[in-house]
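Good morning, and thank you for joining.

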Amino acid sequence: MTLDLVLFLVLALVAVASALGMLFSRNAVYAALYLVLNFVTVAVFYLLLSAPFIAMAQVTVYAGAIMVLFLFVIMLLGSDALPKSQVLPWQKPLAIVMSVLLAAEAAYLLVTKARPAGDVLPPTELVNTTENLRQLGNALFTDYLLPFEVVSILLLVAMVGAIVLTKKEKGARQ
Amino acid sequence: MITDWTLWLEWFIKSLVWIFALLGGFAYLTYYERRALARIQTRVGPNRAGPFGLLQPIADAIKLIFKEELSPAKAYKFIFFLAPILTLVPSIVIAAVIPLGPPIQLFGRQINLVLADVNVGVLYFMAIAAVAVYGIVLAGWSSNSKYAMLGGMRSTAQMISYELALGISLIPVILLANSMSMVDVVKAQGMLWFVFLQPVGALIFWIATLAEVNRAPFDMPEAEQELTAGYHAEYSGMKFALFFMAEYQKMIVICAVMAVFFFGGYLGPGVDKYPLLGPVYLFIKVFLLLFAMIWVRATWPRFRYDRLMSFGWKVLVPLSLAIVFITATGILLAEETGNPMWMWAIPAASVIAGLIPVVTIYRTLKRLSYERA
């Protein structure tokens, strides 16, 4: 069994367990935190696949921005107290063990995989990590230009829609 | 598997060096800040413990360690315990990608003065900065107290808003360095620091980082007068010390990042010959930038909350988008025409773009004050 396989299995365990933890926790804030753990685990998966850019983007966008907004809304609505039908005593130790495992693997992969090629581990030819970013940019702006533009317009429409929904109409004030 | 145990030893020693440097830096930054603030406010500051009060941080540390730890009866205990740790860890982890100096020769092997030369270093910094908000939010929530909760919510909104400007203001740096690795960013500034090529970007980055570390004038989450202490109102003893430590370590690390991105990092005269001068230059730059942070705290009143938000979204974000456009255009023109003088169009156009909001805000405020009078 190679080291990559061991890492993958441990990560998969953490990912599945944190997903289950999110589903079964009674408290909305705890559920959100499990989801954060899950997102970070997925980011470490990307590191394992020698795709540090996607990994960092995953952490920044999902774990960093979107989940913080989730938490914000949960806290704002005060809906963190779901009816407590059962207490799960195994949650806390499980969370600790999983996050320690994840942190160790993330640190290991970050220092080994996210390095310039030829330093420690030779990455495969296709996803040479130093060229990773440039290739991504080229692919986005040449081969996939149309989908990229469509997505950006979609996001713009969503943004304008959100502003329209929240803005009071001028006549409604009186 | 890496079988070279010396490599593990190297990482271990480098991590230890960073952790102790940040710990010591935190202790003496509090002293530095108190003395500098006192000087600005024509006071003396702590000068009793030891020569020039140099033992004051040690006295403070002993006091904090021996304080009683309280936790509210209705707090969410586990998260309440976890929040200070979650706040402290990102502040240390960011340091991993900061290059301290050029590679040196030691014991017959080359040692890079950086813990991890991650090729997406700039994004790594953004990712950690994005995750850093959790500690504060969870501290606010788990305390189960209204003041703490308000502080936590304020910090969430503020950090999300300013993170955007922070991220976009780094794009010119990536474009100019043509790389996302922190080491490459420093090397690219051998001729000229990026602060001269993109002064507006440096300013936006500076403002956004002040907001990210919740420093005055952006210290809304802990506004003493309104929220007693915001998110850490319910914390005491060592747990409070961790928040305290996190804030000051973040200041140090962020000043180091600022130095790397815009002030040439470890570069300075003679670094090529004597690589050990690198950390010294970086230290001097960080020291000066820290003084600027303290200076800002001493001179600027706190923002009003709605102005904080509209400043972030309506001024900083559009302006940083504009400078990204200007920088990309400048680089493209310089490459297409083969004339590097086009690069100077970048700072010129950026400063003009930066002056537009400054003038607009100034005129609006002036008009408002006339209306009030």
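I shall start with one helix of chain B. The buried residues of α14(B) are Ile346(B), Pro347(B), Ser350(B) and Gly354(B). Here a residue is buried if 20 or more other C-beta atoms lie within 10 Å of its own, exposed if 12 or fewer, and partly exposed in between, with C-beta atoms placed from the backbone. Helices (H or I, at least four residues) and strands (E, at least two) are DSSP runs, numbered from the N terminus.

A word on provenance. This is a predicted model, in which local features need pLDDT of at least 70, side-chain atom pairs count only at pLDDT 80 or more, and totals for chains, interfaces and linings use all residues. Residues are numbered from 1 along each chain as its sequence is written, while chains are lettered from A and ligands numbered from 1 in the order in which they are written.

What do the buried residues of α14(B) pack against? Their partners are α8 (194-197), α9 (199-212) and α13 (305-337) of chain B, where a contact means that two C-beta atoms, placed from the backbone, lie within 7 Å. Helix α14 (residues 345-372) of chain B has 28 residues and should span 40 Å at 1.5 Å a residue; its end C-alpha atoms are 41 Å apart, which agrees. That expected span is 1.5 Å times one less than the number of residues.

Next, Pro279(B), which belongs to helix α12 (residues 277-299) of chain B. Pro279(B) counts as partly exposed because it has 17 C-beta neighbours inside 10 Å. Beyond its neighbours within four places in sequence, Pro279(B) contacts Leu100(B), Gly101(B), Leu113(B) and Tyr266(B). Pro99(B) is 180 residues from Pro279(B) in sequence, yet their C-alpha atoms are 8.8 Å apart.

Turning to chain B as a whole, its secondary structure comprises 14 helices and two strands. Of its 373 residues, 46% count as buried. Among contacts in chain B with a separation of 6 or more, 76% join residues 24 or more positions apart. The C-alpha trace of chain B spans about 70 × 70 × 45 Å along its principal axes.
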